[in-house]
Amino acid sequence: MVHQPSSQARLSPTGDTQDTTDMAMLLAPRLAHFAGVARTEHVTRAAQELQVPQSTLSRAMVRLEQDLGVDLFARHGRTLSLTPAGRAFLTSVERALAEIERAADEVRADADPATGKVAFGFLHTMGAETVPALIQAFRVDYPRVRFSLVQTYGEAMLEKLRAGELDLCLTSPVPDAPDLVARRLDEQKLRLVVPADHRLAARRRVRLAEAADETFVTLEPGYGLRRITDDLCKQAGFKPRIAFEGEEAETLRGLVAAGLGVALLPPPAFPRPGVVELTVTSPRAAREIGVAWLDGHPDTPPVAAFKKFLLSRRGGLLPA
């Protein structure tokens, strides 16, 4: 069989990405029709199975061959048989259709109200106690909802939110950005953590200015707690001397216990030996904790349920 050259887009011999994309868009609607005809090797039966007019299906197969520039079928009256090229094409088409079906099943499962998935990000300091308690409480009413959990620092979470990798995130400071919606949920006091043998260790309260000459251990730039630390020190009239920048609050507590500096940190999940945690009376040392999501982003039922649950915890998010 010889086909006349077609004016339609064809696969580029140079492998140009745009040409390949154009061809994929051109072929995609016809792949299921091709697979149906190839499976039955009979246009009439395939048309009945696919519930499309026989004439439409016949024209679609001719156009498909023209667009590819390859004969996929040998015609024998009303029956067809696959050419070697057609058989090779069918193998890839069936694989592609199976992958599409798998992807469709996956997104439907993720959106299921009872068993769907929530992609949830949270700060490292929320991981030991707060987030496990939240999920446990939520699962009283939604026992089969699944969670994809991401534990990282604030700016990275917002990037993942914007990239569609997260549905919701628990972060601090509460972001103020035009593309995000954020709601304050709670406030967490910060303490000045000093070694057990420190000159201030016998105190219960301290003004932050009294630590102006100390060496600090802090989180790295980009972490919300680091920004808050810098701001509080500035309010207290000094710029902190940084001895170490880390990624995790409990590591900083260990460094304080080893006498390598002092730190401004939220309360620990469990008491840490070797350190004393002092209430800061001035300036007011606290951080707001909030939930954020992408503005205008539609929620699946499980995400909507978990969002509603988080907002219901305003003022009671953190352990007492």
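Biologist: Does Arg284 count as buried, partly exposed or exposed, and at what relative accessibility?

Modeller: A word first on what you are looking at: this is a predicted model. To call a residue exposed, its relative accessible area must be over 50%. Arg284 has 59% relative accessibility, so it counts as exposed.

Biologist: With which residue does the side chain of Arg284 meet in a salt bridge?

Modeller: A salt bridge needs a side-chain nitrogen of Lys or Arg within 4 Å of a carboxyl oxygen of Asp or Glu. Here the partner of Arg284 is Glu187, at 2.4 Å from N to O. Arg284 sits in the loop between β12 (275-282) and β13, and Glu187 belongs to strand β6, so the pair ties together parts that are 97 residues apart in sequence. Glu187 counts as partly exposed, at 27% relative accessibility. Shared partners also join salt bridges into one network of Arg184, Glu187, Arg284 and Glu288.

Biologist: How many salt bridges does the count come to?

Modeller: The count is 23 salt bridges. Another one is formed by the side chains of Asp110 and Arg146, 3.0 Å from N to O. Asp110 is in helix α4 and Arg146 in strand β4, so this pair ties together parts that are 36 residues apart in sequence. Asp110 is buried, with a relative accessible area of 17%, whereas Arg146 is partly exposed at 34%.

Biologist: Now the aromatic rings. How is a pair of aromatic rings described?

Modeller: By two values: the distance of the centres and the angle of the planes. The structure holds twelve aromatic pairs. In one of them, Phe34 and Phe89 are 5.1 Å apart centre to centre with 55° between the planes, which is a tilted pair. Phe34 lies in helix α1 (residues 17-40) and Phe89 in helix α4 (residues 84-110), so the pair ties together parts that are 55 residues apart in sequence. Phe34 is buried, with a relative accessible area of 0%. A further pair, Phe147 with Phe306, is edge-to-face: 4.9 Å centre to centre and 75° between the planes. This pair links distant parts of the chain, with Phe147 in strand β4 (residues 146-151) and Phe306 in helix α9, 159 residues apart.

Biologist: Which residues do ring pairs link into a cluster?

Modeller: The cluster consists of Phe120, Phe122, Phe138, Tyr142, Phe147, Phe306 and Phe309.

Biologist: Are Phe147 and Phe306 buried or exposed?

Modeller: Both Phe147 and Phe306 are buried.

Biologist: What does Phe306 contact beyond its neighbours within four places in sequence?

Modeller: Phe306 is in contact with Val118, Phe120, Phe138, Phe147 and Leu168.

Biologist: And in which strand is Phe73 found?

Modeller: Phe73 is in strand β1 (residues 73-76). The relative accessibility of Phe73 is 2%, so it counts as buried. Leaving out residues up to four places away in sequence, Phe73 touches several others, including Phe34, Met61 and Leu82.

How values were computed:
Residues numbered from 1 in each chain as written. Predicted model: local features only at pLDDT ≥ 70, side-chain atom pairs only at ≥ 80, totals over all residues. Heavy atoms only, no water. Contact = heavy atoms within 4.5 Å. Helix = DSSP H or I, 4+ residues; strand = E, 2+ residues; numbered from the N terminus. Buried < 20%, exposed > 50% of the residue type's maximum accessible area, 1.4 Å probe, protein only. Phe/Tyr/Trp six-rings, centres within 6.5 Å; stacked < 30°, edge-to-face > 60°.
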